[in-house]
Amino acid sequence: MACQHESPQRLVASTNQHLLESLHWLEEDLDTIRSDDLFRPVRVRLGRQSGTVTLNDLELINFGSNDYLGYAGDSRLIKASSKGACSEGAGAGASPLVSGHSTLHESLGKNLSSLLDTEESLIFPSGYAANTSIISCLTGPHDLIVSDAHNHASIIDGCRLSGANVQIYPHRDITAAARLLKSIPARRRLIVTDSLFSMDGTIAPLADIAQLAHDTKSMLLVDEAHATGLFGIHGSGLIEEAGIASSVAVRIGTLSKALGSSGGFVSGHRTLIDFLRHRARSWMFSTAHPPASSAAAIQAITLLSEEPFRRKKLAENAGVLRQKLLSHGVDIGDAEAHIVPVFVKTPQRAIQIASSLVRDGFFVPAIRPPSVPKGSSLLRISLSYLHTQDTIDSLSNSIIKYVCM
Ligand SMILES: Cc1ncc(COP(=O)(O)O)c(C=O)c1O
């Protein structure tokens, strides 16, 4: 009997020792991350999204959220979401194809298709999940993907998963993209780009890309994660603003930024959506979107048409901020919208300035590799409808003080 008691304990002890040894290399890697100033502590946020944020018990003015229209903490979305949860439950219970697809998902799909003026839409658990599985099921080993160097990680991962020949063109360099598309043989071609780039705030030359897709008979996928809700007469995004909707085969967006909810979506022709229902693995093999999040997104889409003044004010405030920083010689690259980077090159400088800004009462995240390439660390100012012109002015004074001294 004694042996029977002892042996499991010994097994646990030796397993733990082995486990620690097998994970030792992680500690070495983490040491390198720390010594390169790339370690990222997770701060605990208190309360809902608003113009201020409380991180680790410190209240700061919030320039570090993608809640561009101020809807994430809006009581109308919260009420819609509570109602959605009451009617359909806290979870969807199953993947969409089994029994998870509910009336709220059906309604959200229709609302998105109506906003984007497309035939059908499909809701994913996140924008990340949408990109990884859509790109990887539209292309395979005999195909060519031509992708902008600044595309989001979810696009990069989707390209990797596809097994296709992936060629990266320099940021927004359409001539280079054309060269690749015209010189490399492939069964099918896919051009992939963000519309508004998430870190440097630049906008893709969408009209030229649409023309290139047409000339090279390529499929075009545009990720509007940071543009949905913010551009165009109806607020559907930069595709609408550029007037190229008829050239974009695959329109990706998220519900998690300007729409204040959570989840990703794809919108387009019925054939595309039908195909994705049978091939997009993160849609097929993951539990459907939480009903409450769908309800909140539906409410946000309704508000887009009722409150266009929100996106107008955001664009105006962003223009004033960019102009002021530029006039003081602050390097904001070619930023054109509500994401305003302040390039400071090294991770050390980014952390230093971000800490100084915290002392002045502002939260502006320091963005470092691997989120951006080595040598281009930056402070990412993310503007929201909730910021006042006075607050933005105070932030810009602080930035000018620390960056230009
Ligand atoms: C361009 C782009 N696409 C996709 C995503 C992922 O979206 P989600 O946060 O809904 O997963 C992001 C997230 O920041 C993004 O910037």
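Colleague: OK, which residue does Asp 360 form a salt bridge with?
Modeller: Asp 360 pairs with Lys 401, and their closest N and O atoms are 3.3 Å apart. A salt bridge here is a side-chain nitrogen of Lys or Arg within 4 Å of a carboxyl oxygen of Asp or Glu. The pair links distant parts of the chain, 41 residues apart: Asp 360 is in the loop between helix H15 (347-359) and strand E12 (362-363), and Lys 401 is in helix H16. Helices (H or I, at least four residues) and strands (E, at least two) are DSSP runs, numbered from the N terminus.

Colleague: Before we go on, what sort of model is this?
Modeller: This is a predicted model, where local features need pLDDT of at least 70 and side-chain atom pairs count only at pLDDT 80 or more, while totals for chains, interfaces and linings use all residues. Residues are numbered from 1 along each chain as its sequence is written, and side-chain values use heavy atoms, with hydrogens and water left out.

Colleague: Back to that pair. How exposed are Asp 360 and Lys 401?
Modeller: Asp 360 counts as partly exposed at 30% relative accessibility, and Lys 401 counts as partly exposed at 43%. The scale is buried under 20% relative accessible area, exposed over 50%, and partly exposed in between (1.4 Å probe, protein chains only).

Colleague: How many salt bridges are there in the whole structure?
Modeller: A search of the whole structure gives 17. One of them joins the side chains of Glu 336 and Arg 172, at 3.3 Å from N to O. Glu 336 is in the loop between helix H14 (308-327) and strand E11 (339-345), and Arg 172 is in the loop between strand E6 (165-169) and helix H8 (174-183), so this pair ties together parts 164 residues apart in sequence.

Colleague: What's the phi of Arg 172 like?
Modeller: Phi of Arg 172 is near 65°, a positive value in a residue other than glycine. Arg 172 is partly exposed, at 25% relative accessibility. Asp 37 also has a positive phi, near 60°, and lies in the loop between H2 and strand E1 (45-46).

Colleague: And what does Lys 324 pair with?
Modeller: Asp 393, through a salt bridge of 3.1 Å, N to O. Asp 393 is in helix H16 (residues 389-404) and Lys 324 in helix H14, 69 residues apart. There is also a network of salt bridges linking Asp 74, Arg 76, Glu 307 and Arg 310.

Colleague: Switching topic: what are the domains?
Modeller: The assignment gives domain 1 (38-69 + 308-404) and domain 2 (75-306); such bounds come from an automatic or database domain assignment. The domain centres, taken over C-alpha atoms, are 26 Å apart. In terms of contacts (heavy atoms within 4.5 Å), 23 residues of domain 1 touch 26 residues of domain 2.

Colleague: How many residues does the largest nonpolar core have?
Modeller: The largest core has 80 residues, and those with the most contacts inside it are Leu 325, Val 342, Ile 381 and Ile 399. Helix H13 (residues 291-306) gives the most to this core, with eight residues. Domain 1 and domain 2 each supply at least three residues of this core. By a nonpolar core I mean a set of buried Ala, Val, Leu, Ile, Met, Phe, Trp, Tyr and Cys residues joined through side-chain atoms within 4.5 Å.

Colleague: What about Arg 380, buried or exposed?
Modeller: Arg 380 counts as buried, at 5% relative accessibility, and is found in strand E14 (residues 377-382). Leaving aside neighbours within four places in sequence, the contacts of Arg 380 include Phe 63, Tyr 68, Ser 198 and His 226. Arg 380 and Ser 198 are 182 residues apart in sequence and 9.3 Å apart in space, C-alpha to C-alpha.

Colleague: Last one: which peptide bond is cis?
Modeller: The bond from Pro 369 to Pro 370, with omega near 10°. Pro 370 is in the loop between strand E13 (366-367) and E14.
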